[in-house]
Amino acid sequence: MDTFIISGGKPLHGEVKLGGAKNVALKLMVAGLLTDEPLIIHNVPDIRDVAIMLEVLASLGTTVDRKGSTLTIHNGHARQFQVPLDIGARLRTSSMVIGPLLARFGRAMIPNPGGCRIGARPIDRHIEALRSMGAAIEYHSEDGYFYATSPEGLRGTSYEFTKNSHTGTETVILAAVLAAGTTVIKGAAEEVEIDELIALLDHMGARIRRSAPREITIEGVSSLRGTQYTIMPDRNEEVTFAIAAAITGGDITVIGSQRQHLSAFFEVFAVAGGGYEAIDATKTRYFRQNKIISVDVLTQQHPGFMTDWQAPWAVLMTQATGTATIHETVFENRFGYAEELKKMGAQIEPYDPDVANPAGFYNFNWEDHTPGDYHAIRIHGPTTLHNAILTMNDLRAGATLVLAALAAHGQSVLHGVEHIDRGYEKIEERLRGMGAVIERVKEERV
Ligand code: EPU
């Protein structure tokens with residue numbers, strides 16, 4: 001567990017290159033299980049979640065060579081069907097190996113991923129979809145494992161997600177490409193990262209198309225081949241750097257810009273006083289255009305304002321004139337950072353918005369809501385943020401606290417850097433390159 005020491009209050013200036021998208025890399029690595037030929041993936045970020053996925057693949061008997069940001073996955077060696085508990089519990093996406101293992105070998109044992117280990121959630125929708133493809137899946141609460149078999153192989157199905165699921169949609173795609181017959185996914189998620197997985201699988205010989213809005217049709221094939229693929233840059237990183245420029249009063253040019261996938265962000269960023277300018281097809285300049293003013297956001301599935309952007313948005317709103325609200329509809333508990341920002345002088349209050357039909361309105365399962373949980377915050381600004389000793393509790397919260405410390409006066413100490421290392425490659429080096437005063441201190445082991 002490392003610590004960041006950040007001296008804030010300095011405008012960030014310069015260029016920064018985006019890393020490959022985490023939420024693409026992890027799924028493409030799983031797709032390596034679908035073929036016995038080498039799969040070569042370029043632009044893979046050097047982040048902890050990728051390192052854990054490498055452990056997952058190794059535990060299944062798959063070898064991976066890494067040269068810089070290129071991974072070569074060699075499948076087809078000694079095979080295991082069980083993801084070890086200690087690895088699976090650290091990475092929710094580890095459960096996605098279930099599709100390829102069932103489709104190819106008819107067996108998989110995966111631990112209930114992360115979080116609450118007392119029920120089938122939070123992958124109930126994935127499991128239901130796989131059952132509709134002919135898999136027999138039992139959950140054993142004694143050991144927290146899903147035991148899945150499909151001795152006859154998987155068969156095509158028509159499955160409807162009644163609530164959006166990004167990785168659920170990908171799990172079904174990864175299972176259906178080698179299933180017998182055609183699978184139609186209705187209520188399919190539309191996040192652009194999913195289209196990268198589809199594009200890779202198409203290169204491997206799969207037959208997949210977005211057949212209608214929120215509908216994907218997959219015609220199963222008997223085998224897939226190896227290929228090479230370069231992962232798109234990470235649009236969530238881009239939002240982080242855009243906000244870094246606006247809150248520090250700096251000027252940052254992002255290389256590898258994903259402007260085409262950030263419309264929902266630009267809509268509110270421009271109103272709030274953020275500035276952006278296209279330099280060329282892959283470069284965007286970010287800065288503060290006007291005085292920052294409050295703008296409300298509601299997180300939504302694609303093409304709405306992403307849940308991953310709301311925590312960094314909160315830091316921008318601490319600098320805004322007026323009161324801004326953030327209403328989180330995708331995850332049931334994603335405001336862990338608010339208490340930390342309050343330590344820095346932010347004025348944030350939780351509240352529960354009046355929602356007529358919460359079970360239908362929210363993307364999470366309403367049964368998972370605990371009375372007393374809140375799903376929105378109000379931020380009153382502008383406030384002058386000051387230094388504090390802070391603890392990161394998850395990836396986006398980690399990025400948020402780094403942003404806040406960069407904007408704050410004085411020296412802040414941030415514990416729990418491993419959370420930000422899950423998704424941002426060498427963030428401190430890239431921020432230093434733009435003038436940030438940030439240092440990583442390795443925590444002494446006792
Ligand atoms: N849910 C269930 N049961 C399911 C599936 C989902 O209860 O079977 C709930 C989830 O707990 C959540 C909501 O439904 O409350 C939506 O979940 P979804 O399945 O869409 O999200 P996800 O696939 O788990 C991915 C990304 C997230 C990103 C969301 C939204 C990956 C590895 N994760 O999560 O990224 O926020 O989609 O786009 O792709 C991150 O990068 O920090 C991150 C959390």
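**Helix packing, sheets and domains**

Helix H10 crosses helix H13 in a right-handed sense; a crossing is called right-handed if the near helix is turned clockwise from the far one by less than a right angle, and left-handed if it is turned anticlockwise. The model is a predicted one, in which local features need pLDDT of at least 70 and side-chain atom pairs count only at pLDDT 80 or more, whereas totals for chains, interfaces and linings use all residues. Residues are numbered from 1 along each chain as its sequence is written, and side-chain values rest on heavy atoms, with hydrogens and water left out.

Two packed helices are described by the angle between their axes and the distance between the axes. H10 spans residues 310-318 and H13 residues 395-407; they pack at about 20 degrees, with axes 8 Å apart. H10 is therefore roughly parallel to H13, a label given to angles under 35 degrees, while those over 145 count as roughly antiparallel, 65 to 115 as roughly perpendicular and the rest as oblique. Axes are lines fitted to C-alpha atoms, for helices over the stretch in contact, and angles run from 0 to 180 degrees between N-to-C directions. Helices (H or I, at least four residues) and strands (E, at least two) are DSSP runs, numbered from the N terminus.

On the H10 side, the contact is formed by Ala311, Pro312 and Val315; H13 contributes Arg396, Thr400, Leu403 and Ala404. Contact here means heavy atoms within 4.5 Å. By class, this contact of H10 with H13 comprises five nonpolar, one polar and one charged residues. Ala, Val, Leu, Ile, Met, Phe, Trp, Tyr, Cys and Pro count as nonpolar, Asp, Glu, Lys and Arg as charged, and the others, Gly among them, as polar.

H10 also meets helix H8 (residues 235-248): their axes come within 10 Å and cross at roughly 10 degrees, so H8 and H10 are roughly parallel to each other. Ile243, Ala246 and Ile247 of H8 touch Pro312, Trp313, Val315 and Leu316 of H10. The contact of H8 with H10 has seven nonpolar residues, no polar and no charged ones.

The sheets come next. An open, mixed sheet has four strands in the order S21-S22-S1-S23, where two strands pair if DSSP finds at least two bridges between them. S21 (389-391) and S23 (437-441) each have a single partner strand, so one side of each is left without a neighbour in the sheet. From one strand to the next, the twist averages 20 degrees. S1 (residues 3-7) pairs with S23 in the antiparallel sense over five bridges, and isoleucine 6 has isoleucine 438 in S23 as its bridge partner.

Another open sheet consists of three strands in the order S6-S8-S7, paired antiparallel. Its edge strands are S6 (107-111) and S7 (136-140), each pairing on one side only, and the twist averages 15 degrees from one strand to the next. Five bridges join S6 to S8 (residues 145-149), with proline 111 opposite tyrosine 145 in S8. Helix H4 (residues 98-105) packs on this sheet, touching S6, S7 and S8, and its direction makes about 160 degrees with that of S6.

S11 (residues 207-212) and S12 (residues 215-219) run antiparallel, joined by five bridges. They form a hairpin with two residues between them, and arginine 214 in the turn has a positive phi of about 55 degrees.

Finally, the domain assignment, which is automatic or taken from a database, gives domain 1 (2-19 + 233-442) and domain 2 (22-220). Their centres, taken over C-alpha atoms, are separated by 29 Å, and 24 residues of domain 1 are in contact with 21 residues of domain 2.
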